[in-house]
Amino acid sequence: MDKAMLKVRNLHASVEGKQILNGLDLEVNAGEVHAIMGPNGSGKSTLASVIAGREGYEVTDGQVLYRGRDLLELEPEERACEGIFLAFQYPVEIPGVNNTYFLRAALNAQRKYRGEPELDSMQFLKLIRGKLEILHISDDLMHRAVNEGFSGGEKKRNEIFQMAVLEPALAILDETDSGLDIDALKLVAEGVNRQRSPDRAMIVVTHYQRLLEYIVPDRVHVLSGGRIAASGDADLALKLEEEGYSWLAEGGIQALEGAETGSGGAGAAAGA
Amino acid sequence: MTGLTEQWSDALAAAPQEPAPAWLRELRENAVGQFRAAGLPHRKVEAWKYTPMTVFDGLRLTAAEPVPAPVADLPPPLCESSVVVDIRDGALGEVPADLPQGLTVLPLATALERFEERLKPLFEAVELRGATRAFAALNTALATQGLVVHVARDAAGGSAAGRLLLRWGLSAGAAATMGQFRLFVLLDDGARLELVEQYLGSGEAPGDGAAGLNVLCQAELGAGARLSHTRVQAETEQAVLLTSTMLEQARDSRFVYRGFDLGAGLARHELTTRLTGPGAEADIAGAWLLDGRRHVDNHVSVEHLAPGCASEQFFRGVLGGRSRGVFNGRALIQAGADGSSVRQSNANLLLSPLAEMDTKPELEIYADEVEASHGATVGQLDEAAVFYLRSRGLTDGAARRMLTAAFCRAVTDRVADPILAERIGGLLDAAMPSGEQL
Ligand SMILES: Nc1ncnc2c1ncn2[C@@H]1O[C@H](COP(=O)(O)OP(=O)(O)O)[C@@H](O)[C@H]1O
Ligand SMILES: [Mg+2]
């Protein structure tokens with residue numbers, strides 16, 4: 001079998017008639033962690049939304065293959081049941097829906113889809129106990145409504161906790177680090193690192209290099225102007241930290257020594 | 001006179017006079033006259049603007065005859081209860097004789113003698129004039145069937161687990177009658193009663209014809225008395241249900257109402273309470289979940305007539321299909337009713353573009369130092385929340401049901417008894433509108 005978990009080819013997508021992604025290519029294999037960096041508004045969350053299946057994001061060209069299947073044909077819940085998980089940049093507050101109840105319902109929906117028996121509440125509590133500890137999630141948070149009144153850090157930890165329980169094959173973490181203090185960041189990173197495995201792929205979207213000190217990626221991509229402008233190994237993140245993103249606007253990819261240019265990227269001709 | 005008003009007036013004139021005290025016979029004759037004069041309400045009558053009067057076509061007026069109870073095929077009781085009374089098509093079943101200390105439950109005809117002094121002024125207090133009062137006039141004219149519940153001073157209407165359950169049954173089909181029933185709840189000073197009413201169909205398959213019921217309830221709460229009233233209505237679409245509850249609350253009394261309308265073709269509930277003594281409280285909450293072409297009207301009116309009273313009206317509505325809901329919530333703080341607290345809130349979810357909700361809060365404040373808040377909203381499910389749930393594996397339908405149930409939980413959480421709350425939650429889940437259009 002093809003070891004590519006995700007293949008994005010020439011993806012063009014628009015929101016409300018506004019073109020955001022302009023020919024994005026990305027390939028992620030099982031076992032790998034990829035980081036996607038890029039300035040605000042470059043389309044990182046748009047890419048995550050298209051993969052997760054959020055309404056209102058129109059794919060105008062290109063394709064997304066997940067384990068060899070056309071992902072764009074699937075409903076969001078089918079994608080989830082097939083193993084895709086999005087940790088939201090802005091987790092949604094859901095008044096009146098108990099956090100524990102919600103997560104058990106979600107897990108059971110996925111288990112049912114896979115033909116596995118559903119878990120009763122005792123079995124579920126047993127399953128989550130250890131995972132709660134790792135992410136320092138209190139009983140109180142589990143008894144409250146989903147994300148309602150959670151602090152920024154609590155919301156992000158809750159996302160990673162959900163990921164730990166749902167055990168996806170492909171996880172996309174959209175700016176899970178933003179708004180976290182260093183302790184919370186370390187907790188989240190530990191939660192993520194524990195889930196790295198040979199049959200799981202992760203895409204870590206971040207604005208800052210800081211998170212990548214704790215979650216060391218196999219590949220780093222720079223998203224700019226709706227496409228991958230440059231790709232490299234973990235060192236690329238460091239260089240971005242030093243140089244910033246301003247060089248992207250000038251199309252001067254050569255300023256970043258050692259970076260490969262994205263296919264058809266702005267600075268392709270100038271590749272070192 | 002419209003056709004139906006004429007037809008019903010004739011039926012009223014032809015109805016046999018039941019044996020009753022002279023004052024009541026006179027009152028009934030007066031009611032017949034008032035109905036004939038004013039007729040049924042129509043669209044131009046503000047309080048009945050949205051109520052589809054055509055559903056009454058084809059319903060005949062009758063004075064129901066008592067039927068022997070228990071009726072085996074009524075749906076099972078919604079909750080454990082020390083006293084169950086069945087009322088089928090407006091006819092009172094057997095009233096249990098063995099009752100907890102302090103509680104009296106009697107058929108109206110029997111009670112008229114024993115409680116005449118208290119019932120006469122209550123009968124006389126009901127306004128019968130005008131088209132808005134047409135159904136009160138009908139009820140007064142025809143309701144020989146009725147029930148009187150009395151709880152003696154400082155007694156609880158039952159033991160700790162004791163409550164009085166009224167189990168209503170409406171059989172659709174050939175009869176096509178508009179039954180009339182009268183209910184009195186008399187709580188002496190310090191008395192307590194938990195009253196649960198269930199309207200869960202007759203237990204038989206719904207027929208083609210409509211079945212109607214017009215219930216008029218009057219309750220008197222003495223000083224410090226407590227009445228908890230839970231009403232769960234999940235009738236078949238053939239049911240036409242008019243219920244009107246009028247309370248008078250003395251000093252420091254407390255009324256707690258939890259009402260759920262999940263069914264009926266037309267259900268119209270009028271609830272009026274007058275807080276006549278200082279420190280009286282009315283905690284009124286309810287929900288409706290409507291699908292198909294159902295229509296539910298809730299008209300709630302709280303009158304603060306003494307200082308230091310508190311009231312809350314808290315209602316949530318969910319409407320799918322082509323259903324229609326109406327909420328009219330009125331709170332009046334009369335001059336002199338200083339230091340009152342009044343809260344009112346009605347939020348609604350429309351699950352279908354063809355569903356409709358009309359909500360109208362009315363606050364009239366003539367007193368000083370009043371703490372007041374009110375709000376009414378009509379909206380849709382939060383699509384961001386729907387996507388969040390779907391992104392975790394729940395189907396679109398399951399996500400919407402989960403969010404809708406959570407919306408209603410704000411009301412079921414206010415049902416004090418957890419077992420009853422859970423049963424009602426189950427009925428709500430079963431009645432959850434699909435959002436699909438019919
Ligand atoms: N729902 C939306 N409606 C309108 N514009 C949107 C929407 N979502 C994103 N955009 C626009 O698309 C562009 C890319 O946004 P986004 O993908 O969120 O960027 P990033 O995550 O890289 O900061 C921005 O210009 C943003 O304003
Ligand atoms: Mg973003």
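A residue is called buried if its relative accessible area is under 20%, exposed if over 50%, and partly exposed in between, with a 1.4 Å probe and protein chains only as cover. The structure is a predicted model, in which local features need pLDDT of at least 70, side-chain atom pairs count only at pLDDT 80 or more, and totals for chains, interfaces and linings use all residues. Residues are numbered from 1 along each chain as its sequence is written, chains are lettered from A and ligands numbered from 1 in written order, and side-chain values use heavy atoms, without hydrogens and water.

**Exercise 1.** Describe the ring pair of B:Trp168 and B:Phe181.

*Solution.* 
Step 1. A pair of aromatic rings is described by the distance of the centres and the angle of the planes. Rings of Phe, Tyr and Trp (its six-membered ring) pair if their centres lie within 6.5 Å; planes under 30 degrees apart count as stacked, over 60 as edge-to-face and the rest as tilted. By this rule, there are 15 aromatic pairs over all chains.
Step 2. The centres of B:Trp168 and B:Phe181 are 5.2 Å apart and the planes stand at 85°, so this pair is edge-to-face.
Step 3. Strands are DSSP runs (E, at least two residues) and helices likewise (H or I, at least four), numbered from the N terminus. B:Trp168 belongs to strand 6 (residues 164-169) of chain B and B:Phe181 to strand 7 (residues 177-187) of chain B, so the pair ties together parts 13 residues apart in sequence.
Step 4. Both B:Trp168 and B:Phe181 are buried.

**Exercise 2.** Locate B:Asp86 and classify its accessibility.

*Solution.* 
Step 1. B:Asp86 is found in strand 2 (residues 83-88) of chain B.
Step 2. B:Asp86 counts as buried because its relative accessibility is 6%.
Step 3. A polar contact is a pair of N or O atoms within 3.5 Å; within protein, one must be able to donate a hydrogen and the other to accept it, and residues adjacent in sequence count only if both atoms are side-chain atoms. The side chains of B:Asp86 and B:Arg167 are joined by such a contact of 2.8 Å.
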